[in-house]
Amino acid sequence: MLVIVCYDVSTETRVGRRRLRRVAKVCESMGQRVQKSVFECQVDRAQFEMLERTLLKEINADEDNLRFYRIADLKGYEVREHGRFRATDFDGPLVL
């Protein structure tokens, strides 16, 4: 399934900035960054549950926001990209 992970971590304190870096590292290990605080992750159910548990341990629920959008059925799935960044198509051919 495709999971979109979005977060907003409070960076007003040093602890918050550290939390932001840890959240980003977890997301980078599971997917690709498509915007500053938005990641696309191709995961199975077990990987999704591990990702969610890990991120929930990192955030402060009183100050931060964490959202997951699960797209289980990719039929009809479409992304329209505009601007400079282009995401990597992991299902497409690999050209070296």
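Colleague: What share of the chain's residues is buried?
Modeller: Buried residues make up 30% of the 96 residues. Buried means under 20% relative accessible area, exposed means over 50%, and partly exposed is in between (1.4 Å probe, protein chains only).

Colleague: What kind of model is this?
Modeller: This is a predicted model, where local features need pLDDT of at least 70, side-chain atom pairs count only at pLDDT 80 or more, and totals for chains, interfaces and linings use all residues. Residues are numbered from 1 along each chain as its sequence is written, and side-chain values use heavy atoms, with hydrogens and water left out.

Colleague: How many helices and strands does the chain have?
Modeller: Two helices and four strands. Both are DSSP runs, numbered from the N terminus: helices are H or I with at least four residues, strands are E with at least two. The order from the N terminus is β-α-β-β-α-β.

Colleague: What share of the contacts is between residues 24 or more positions apart?
Modeller: Among contacts with a separation of 6 or more, 66% join residues 24 or more positions apart. A contact means heavy atoms within 4.5 Å.

Colleague: On to the core. Which residues touch the most other members of the largest nonpolar core?
Modeller: V5, Y7, V23, C27, C41, L51 and L55 do, out of 17 residues in that core. A nonpolar core is a set of buried Ala, Val, Leu, Ile, Met, Phe, Trp, Tyr and Cys residues joined through side-chain atoms within 4.5 Å.

Colleague: Which elements give two or more residues to this core?
Modeller: β1 (2-8), α1 (14-30), β3 (38-42) and α2 (45-58). The most comes from α1, with five residues.

Colleague: And L55, what is in contact with that residue?
Modeller: V5, V23, V26, C27, L66 and F68, leaving aside neighbours within four places in sequence. Apart from this core lies another, of five residues, including L2, I4, V34 and V38.

Colleague: Why would nonpolar side chains be buried together?
Modeller: In soluble globular proteins, they tend to be.

Colleague: Let's look at α1. How far does the helix reach?
Modeller: α1 has 17 residues and reaches 25 Å from its first C-alpha to its last. That is close to the expected 24 Å. The expected span is 1.5 Å times one less than the number of residues.

Colleague: Which residues of α1 are buried?
Modeller: G16, R19, V23, A24, V26, C27 and M30. Seen down the axis of α1, they fall within an arc of 160 degrees, so they line one face of the helix. The arc is that of the directions from the helix axis to the C-beta atoms.

Colleague: What covers the buried residues of α1?
Modeller: The cover includes β1, β2 (32-35), β3 and α2. On the other side of α1, R14, K25 and S29 are exposed.

Colleague: Changing topic. How many salt bridges are there?
Modeller: Four. A salt bridge is a side-chain nitrogen of Lys or Arg within 4 Å of a carboxyl oxygen of Asp or Glu.

Colleague: Which parts does the pair of E58 and R22 tie together?
Modeller: The two side chains meet at 2.5 Å, N to O. E58 lies in helix α2 and R22 in helix α1, so the pair ties together parts 36 residues apart in sequence. E58 is buried at 19% relative accessible area, while R22 is partly exposed at 35%.

Colleague: What about E63 and R19, how far apart are N and O?
Modeller: 3.3 Å. E63 sits in the loop between α2 and β4 (65-71), R19 in helix α1, 44 residues apart. R19 is buried at 6% relative accessibility, whereas E63 is partly exposed at 44%. R19, E63 and D64 are linked in a network of salt bridges.

Colleague: Which residue forms a salt bridge with R33?
Modeller: E28, with the closest N and O atoms 2.9 Å apart. E28 is partly exposed at 43%, and R33 is partly exposed at 33%.

Colleague: Last topic, the rings. How many aromatic pairs does the search find?
Modeller: Two in the whole structure. Rings of Phe, Tyr and Trp (its six-membered ring) pair if their centres lie within 6.5 Å; planes under 30 degrees apart count as stacked, over 60 as edge-to-face and the rest as tilted.

Colleague: Is the pair of Y7 and F39 stacked or edge-to-face?
Modeller: Stacked, at 6.2 Å centre to centre and 20 degrees between the planes. Y7 lies in strand β1 and F39 in strand β3, so the pair ties together parts 32 residues apart in sequence. Y7 is buried at 6%, and F39 is buried at 0%.

Colleague: And F48 with F68, stacked or edge-to-face?
Modeller: The ring centres of F48 and F68 are 5.5 Å apart and the planes stand at 90 degrees, so the pair is edge-to-face. F48 is in helix α2 and F68 in strand β4, 20 residues apart. F48 is buried, at 6% relative accessibility.
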